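Dear colleague,

I am handing over the structure below, together with notes on what turned up when I went through it. Please read the notes with the coordinates open beside them.

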Amino acid sequence: MLKAVILIGGPQKGTRFRPLSFEVPKPLFPVAGVPMIQHHIEACAQVPGMQEILLIGFYQPDEPLTRFLEAAQQEFNLPIRYLQEFVPLGTGGGLYHFRDQILAGGPEAFFVLNADVCSDFPLSAMLDAYRHQPHPFLLLGTTANRTQSLNYGCIVENPQTHEVLHYVEKPSTFVSDVINCGIYLFSPEALKPLRDVFQRNQQDGQQEDSSGLWPGAGTIRLEQDVFSALAGQGQIYVHLTDGIWSQIKSAGSALYASRLYLGQYQLTHPERLAKHTPGGPRIRGNVYIHPTAKVAPSAVLGPNVSIGEGVTVGEGVRLRESIVLHGATLQEHTCVLHTIVGWGSTVGRWARVEGTPNDPNPNDPRAHMDSESLFKDGKLLPAITILGCRVRIPAEVLILNSIVLPHKELSRSFTNQIIL
């Protein structure tokens, strides 16, 4: 018997995902046509012996999240529950706080997945490695170039046994080109070190506050409090993968993740990819079109385009490397490139909306998507263009590398600006 835990986090100040996270929780943002965490759930549901999937975070259980969970349970025929933290508890605090629910039924092991990663999720391969050599912690790792490795948790492994000898989260100097993917397989014994961290936090807090239980005792960081402390003690191992992997921290990285998942659909969900048919729009590369979308036959779509529910795409539209969210309208002869078009937005005829991608170096097989800040010295850096919900762009307007916040109607051209 197996279980899976997906860590979905919650709203934070200064998130790089805004304005897209204003409308829906980030884990429900559609990537390649389906909510971000549906890719995780689909991968977990395919593992033999999977009995339950738990989501842990501190989002309010609102209607969109509840509706998604109900639909997912029916589609995958698995119990899928949301466990809400009373405060943000870090990457490990929620696991310890809800340990009874995780261990109920006596699972052999449980997967832990961060919601903001894109991957082909080699969970069955991880399970085989765990059963061959059981240990409390198994981490999924991949390789990065020397410069980018500084932005991730770095793993020094024994190349023969794959034991993690040293772990450093976002080091200041180069440590290793093997990085943590944020996908794990834990045995039930893995919760004991989390208990030790909780008790230590409680003791430290009571020394400062004698009134009782210190509220911060429940906050546990898997990376710093557990992995770094236990590395080299024979408890943590790494399983390396050369499959697709990327973080989804910003809007630009969501567009890149959509591209990766659309490519995966060739093998996993070919039925989701649009096909070029006589009398239909011209399809170039991998394109997802929701069944309720209306696309004019003279439109040219792709590569790497995702069109959401109820979208209208007019005659002569050119759409490339973009996500169009539900209810949006692209009027005649619109050109949209490297852009996320928000919910219910309208782009007028002959308008051009274009962003600048920040893609990994195609000549470096170890390069990953950088989730850098959108700003430098108070200025917006060139990036993809993001339209918030219900933005109206009139005819013959040019928008380049801009962020347009919700409920705006534009009247002229913008370049490298935030439109409040």
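Predicted model: local features only at pLDDT ≥ 70, side-chain atom pairs only at ≥ 80, totals over all residues.

Leaving aside residues up to four places away in sequence, Phe227 touches Phe137, Leu139, Tyr167, Asn180, Tyr184, Phe186, Leu222 and Ile236, where contact means heavy atoms within 4.5 Å. Phe227 sits in helix α7 (residues 222–230); helices here are DSSP runs of H or I with at least four residues, strands are runs of E with at least two, and both are numbered from the N terminus. Its relative accessibility is 0%, so Phe227 counts as buried, a label that means under 20% relative accessible area, with exposed meaning over 50% and partly exposed in between (1.4 Å probe, protein chains only).

Residues are numbered from 1 along each chain as its sequence is written, and side-chain values use heavy atoms, with hydrogens and water left out.

Turning to helix packing, two packed helices are described by the angle between their axes and the distance between the axes. Helix α1 (residues 36–45) and α2 pack at an angle of about 30°, and their axes are 11 Å apart; the axes are lines fitted to C-alpha atoms, for helices over the stretch in contact, and angles run from 0 to 180 degrees between N-to-C directions. That angle makes α1 roughly parallel to α2, since angles under 35 degrees count as roughly parallel, over 145 as roughly antiparallel, 65 to 115 as roughly perpendicular and the rest as oblique. In the contact, Ile37, Gln38, Ile41, Glu42 and Ala45 of α1 meet Phe68, Glu75 and Phe76 of α2. By class, this contact of α1 with α2 has five nonpolar, one polar and two charged residues (Ala, Val, Leu, Ile, Met, Phe, Trp, Tyr, Cys and Pro count as nonpolar, Asp, Glu, Lys and Arg as charged, and the others, Gly among them, as polar). Nine of the ten residues of α1 are buried, so the helix is largely enclosed by the rest of the structure; the buried residues of α1 include Met36, His39, His40 and Cys44.

As for charged pairs, a salt bridge is taken to be a side-chain nitrogen of Lys or Arg within 4 Å of a carboxyl oxygen of Asp or Glu, and by this rule the count comes to ten. One of them joins Arg81 to Glu52, with the closest N and O atoms 2.8 Å apart, and this pair links distant parts of the chain, Arg81 being in strand β5 (residues 80–84) and Glu52 in strand β4 (residues 50–57), 29 residues apart. Glu52 counts as buried at 10% relative accessibility, whereas Arg81 is partly exposed at 33%. Lys3, Glu52 and Arg81 are linked in a network of salt bridges.

Another salt bridge brings together Arg67 and Glu63 (2.9 Å, N to O), both in helix α2 (residues 63–76) and four residues apart, about one turn of the helix. Arg67 is partly exposed, at 46% relative accessibility, and Glu63 is exposed, with a relative accessible area of 58%.

Finally, some backbone details may be worth checking by eye. Most residues other than glycine have a negative phi, and most peptide bonds are trans. Gly302 and Pro303 are joined by a cis peptide bond, with omega about 5°, and Pro303 is found in the loop between β17 (300–301) and β18 (305–307). Lys170, although not a glycine, has a positive phi of about 50°; Lys170 lies in the loop between β10 (164–169) and β11 (178–186) and is exposed, with a relative accessible area of 55%. Arg390, also not a glycine, has a positive phi of about 55° and belongs to the loop between β29 (385–387) and β30 (392–393), where Arg390 counts as partly exposed at 43% relative accessibility.

With kind regards
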